Structure formats: C-alpha cells, structure tokens
Amino acid sequence: MSNQQQMSFLQHLDELRWRLVRIAIAVLLVGVVIWVYQEWIMNHLFLALKDHDFITFRLLCTYFGICVSDTTVKMQSMTVSGQFNYAMMMSIMGGLIVSSPFIFYQLWAFVKPGLKKNEISATKGMVFYISLCFLTGVLFGYFVVAPLTVQFFGSFQISQEIENNFTVGSYVGTVISTVLYSGLLFLLPIISYILTKIGLIGPDFLKKYRRHAIVVILIISAVITPPDMLSQIIVSIPIIGLYEIGIVVSKRALKNKSIE
C-alpha cells in the first residue's frame, strides 16, 4: 500500500514537472517573438507612454480638458550589459503576461483532478474568468496607471537646473510593475469567490470591513500611482468597484454552497 501511495505521489510530481515545462516553453516562445520585435515594442509600447498623443492623454484632453505635453525625459543605460538585461526582462515578463491564460489553464489542469465533482462544477469557467480579470487589469494598468505615472514623474522637476535622465531599467521596471500590480488587483472578485467557497469569508464579512478595505485600496492606489490626488482617484474607483463586485460574487458563491 505504501509503495502504491509513493508511486502515486511520484506520478503527481511528474505531472507537475511537465505542466511547468509546458509553461516554460510557452513563455519562451512568446519571449522569443518579443525579442525579435524588441525595438518596435520599446518605441511603440513603452516609450510611447511619455508622448502627449498617447491615446489616454488624447482622451483626457478631448473629453475632460486635461491636456499634457511631451515629457522631456532622456533615457540612458548605465552598465555595459544594461540594454541587453532590460531586453531580456521585457521578453520574459511579456512572455508571462501574454501566455498567462495558458499558464492559468496548466495550473488549473493540475489542481482539477484533486477536486470533487461538486467543486469542479462550482468552479466551472474558472480559467476564463481569471484570465479575463487579469488581462483586463493589465490593460487598465497599461492605459491608465502607467501613463499617469510616467507623465507625473517625467514632468516633475524640483529645479529647472535638474533634468530627468531615467535609466532604461527604472523606466521599464516601473511600467511592468504597475501593469502587473493592476492585473493582480483585478483578481479581487476571483479571490473573494475562492475564499467564500472554502469558508474563510462571506458577503457579511466583506460588507462589515468595507470601510477598512476602502482605506487599504486608497493606500495601494497611492503606492502604485504618482502622489497626486487625481491619479489616485482614477485608479481607486475601479478597484473599489471590484471590491463591490467581490461582495456580489461572494453572495452568489455562498448561495450555491448552501444549495450543494
């Protein structure tokens, strides 16, 4: 019996290994494509964030009268292998983001066999919803959080005698981190659903600590955005909305759990 259990455990580890191998291959393939088009991606996706004609700034100027000018930011690489390392980081992180639905599927396929039939039924479509929330958050981070951050810090000067010369690593790292954080924050409804299903929280808990959650959300918004009130409000409103959606999702999950 122990040998059978040990064999089953080893097979479980082997399956996990192959799942991780598939994930690594997917990230690598996407990363290679990004590496091939790295110059276009850097110019049109990253450096474009500091231009006044970026789509976010055009919409703000057209519909809200908030117009900005190009930031006079100069980019530089301070180390011998700097630009190569930044290109590698951009390729790997881009590979993770683009292949995230496949990654979520592989992780779900590994966990699914250990669930009961009612648990599988309750989590139907989980990969789709996780991917949808995460990628929506990534788009929100790229089109809202990242350009506001770049615009604020790129145009801010404590003195006219000091010019902004950003390192490529600092610039790319800031954009990628804000995009990833936004993607993770948009998973709040999914987290609420899972925690409700396992009995850790419920809609009453979320309602009771709504005010505390809003304070935390404002703090998080202040961390991932530039320190101006407008940016914090723009970012915090959708996150608060996600928290409210999480309450609805939690209520639905609790109802389905009671039926089961």
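Mentor: Helices (H or I, at least four residues) and strands (E, at least two) are DSSP runs, numbered from the N terminus. This is a predicted model, in which local features need pLDDT of at least 70, side-chain atom pairs count only at pLDDT 80 or more, and totals for chains, interfaces and linings use all residues. Residues are numbered from 1 along each chain as its sequence is written, and side-chain values use heavy atoms, with hydrogens and water left out.

Trainee: How many helices and strands does the protein chain have?

Mentor: Read along the sequence, the pattern is α-α-α-β-α-α-α-α-β-α-α-α-α-α. The protein chain accordingly holds two strands and 12 helices.

Trainee: What share of the residues of the protein chain counts as buried?

Mentor: Buried means under 20% relative accessible area, exposed over 50%, and partly exposed in between (1.4 Å probe, protein chains only). Of the 260 residues, the buried share is 38%.

Trainee: Which cysteine is joined to Cys61 by a disulfide?

Mentor: A disulfide is a covalent bond between the sulfur atoms of two cysteines. Here the term is applied to a pair of cysteine sulfur atoms within 2.5 Å, and the whole structure contains one. At an S to S distance of 1.8 Å, the partner of Cys61 is Cys67.

Trainee: Is the disulfide of Cys61 and Cys67 right-handed or left-handed?

Mentor: The torsion about the S-S bond of Cys61 and Cys67 decides this. Because that torsion is about 70°, the disulfide is right-handed.

Trainee: Is Cys133 buried or exposed?

Mentor: Cys61, at 30% relative accessibility, is partly exposed, as is Cys67 at 48%. Cys133 has a relative accessibility of 17%, so Cys133 counts as buried.
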